[in-house]
Every structure is written in C-alpha cells, then in structure tokens.
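Have the model open alongside as you read.

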Amino acid sequence: MKKLVFFLASTIILNVFPVFANELLILSGDKSKNSKRWKEEVLPEYSSTGVGRSLPAKIVSVQGAGFPDWLRRAMEDGRMGEIIGTPTFIIWDTEEQKELGRVEGYTQKTRFFSQLNEAVAMVGKGLTPGRREGSNGHQ
C-alpha cells in the first residue's frame with residue numbers, strides 16, 4: 001500500500017511540477033569586464049540560491065567568434081540564437097540540447113537575479129525570453 005501511495009504521489013508531483021533538467025550556460029568573454037564582474041559578484045553565491053540550485057551554472061569561455069564546436073553547431077542548427085556579446089546567460093535544455101531562453105549582459109547582481117528569475121518563470125509558461133533571430137525568435 002505504501003508503495004502505491006508513493007508511486008501515485010510521485011506521478012502527480014512529476015506531472016504538476018516538471019523536472020527542471022536544465023542548466024544555465026554562462027557565455028563568458030575572456031576579456032569582458034562584465035563577465036569578470038559577474039564571476040566576482042554572483043558566481044560565489046549562485047549555487048546556494050534557489051535559482052542556482054534548480055539551474056546549475058556552466059561557464060563556457062568564448063574568445064571573439066571562437067565558440068566551442070558543440071555551441072557553434074547548436075547555433076548553425078537553430079537550437080541557439082546568435083551571441084552578440086558577453087556575458088550571455090542561456091537557459092539550456094540538457095535533454096533536447098537547445099536554448100529555452102536567455103538574459104543578455106550584466107550590470108549588477110540584483111538586476112541579474114531579477115532578470116533571470118523572470119526568464120525562468122517565462123520558460124515555465126512555455127515562453128522563450130530573449131531568444132534572438134536564428135533561434136526561432138520568441139514563441
């Protein structure tokens with residue numbers, strides 16, 4: 001009986017609250033002052049925040065147009081939009097290997113968390129915040 005109750009509860013929870021198997025890709029320019037500021041001001045505490053626990057950060061270093069091959073393929077295939085500057089924060093679907101939304105740029109910690117929380121909420125509603133042309137635009 002306990003197994004049946006656990007199974008039913010788990011099924012309901014997974015259907016009502018989808019598993020968040022995503023990550024936050026931080027496209028960081030080696031010479032970008034704002035990328036450096038984000039790493040200094042936000043990164044040390046990011047993983048202990050609510051959004052950081054549900055959306056782990058993965059820093060992807062870029063130099064000019066020097067993107068890792070997997071990222072270049074994602075842009076060419078339309079699974080990720082154009083990157084015009086760093087830092088760019090991509091909400092990345094790790095299962096389907098595609099961009100779900102983004103936040104571009106960094107000015108201050110409170111603004112970053114506000115923008116990221118808003119973007120995550122939009123993704124939760126099926127929207128794609130901040131996506132650029134070439135990545136199917138806003139849906």
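What follows goes from the overall layout to the sheet, then to the helices and a few local details.

This is a predicted model, so keep the ground rules in mind: local features need pLDDT of at least 70, side-chain atom pairs count only at pLDDT 80 or more, and totals for chains, interfaces and linings use all residues. Residues are numbered from 1 along each chain as its sequence is written, and side-chain values use heavy atoms, with hydrogens and water left out.

## The overall layout

The protein has six helices and four strands; helices (H or I, at least four residues) and strands (E, at least two) are DSSP runs numbered from the N terminus. Going along the sequence, they come in the pattern α-β-α-α-α-β-α-β-β-α. Of the 139 residues, 37% are buried, where buried means under 20% relative accessible area, exposed means over 50%, and partly exposed is in between (1.4 Å probe, protein chains only).

The exposed surface comes to about 8400 Å², with carbon and sulfur atoms supplying 56% of it. Those areas come from the Shrake-Rupley method with a 1.4 Å probe, and for residues only the protein chains shown count as cover. Take the contacts (heavy atoms within 4.5 Å) between residues at least 6 apart in sequence: 59% of them join residues at least 24 apart.

Strands of a sheet pair through backbone hydrogen bonds, either parallel or antiparallel. Here, two strands pair if DSSP finds at least two bridges between them.

Two of the pairings look like this:

Glu99 sits in E4 and counts as buried, at 0% relative accessibility. Arg102 is also found in E4 and is buried, with a relative accessible area of 4%.

Both side chains reach the backbone of Gly81. A polar atom of the Glu99 side chain lies 2.9 Å from the backbone nitrogen of Gly81, while a polar atom of the Arg102 side chain lies 3.3 Å from the backbone oxygen of Gly81. Leaving aside neighbours within four places in sequence, the contacts of Arg102 include Met80, Gly81, Glu82 and Ile83. Also among them are Thr88, Phe89 and Ile90, along with Pro129, Gly130, Arg131 and Arg132.

## Helices on the sheet

Which residues of H5 (residues 69-76) are buried? They are Leu71, Ala74 and Met75. Seen down the axis of H5, these buried residues fall within an arc of 100°, so they line one face of the helix; the arc is that of the directions from the helix axis to the C-beta atoms. They pack against E1 (22-29), E2 (57-62) and E3. On the other side of H5, Asp69 and Glu76 are exposed.

## Backbone details

Just after H5, Gly78 takes a positive phi of about 80°. Further along, the loop between H5 and E3 holds Pro87, and the peptide bond from Thr86 to Pro87 is cis, with omega near 0°.

The hairpin of E3 and E4 has four residues between the strands. Gln97 lies in that loop, and its phi is near 55°, a positive value in a residue other than glycine. With a relative accessible area of 34%, Gln97 is partly exposed.

Methods: Polar contact = N/O pair within 3.5 Å; in protein donor to acceptor, adjacent residues only side chain to side chain.
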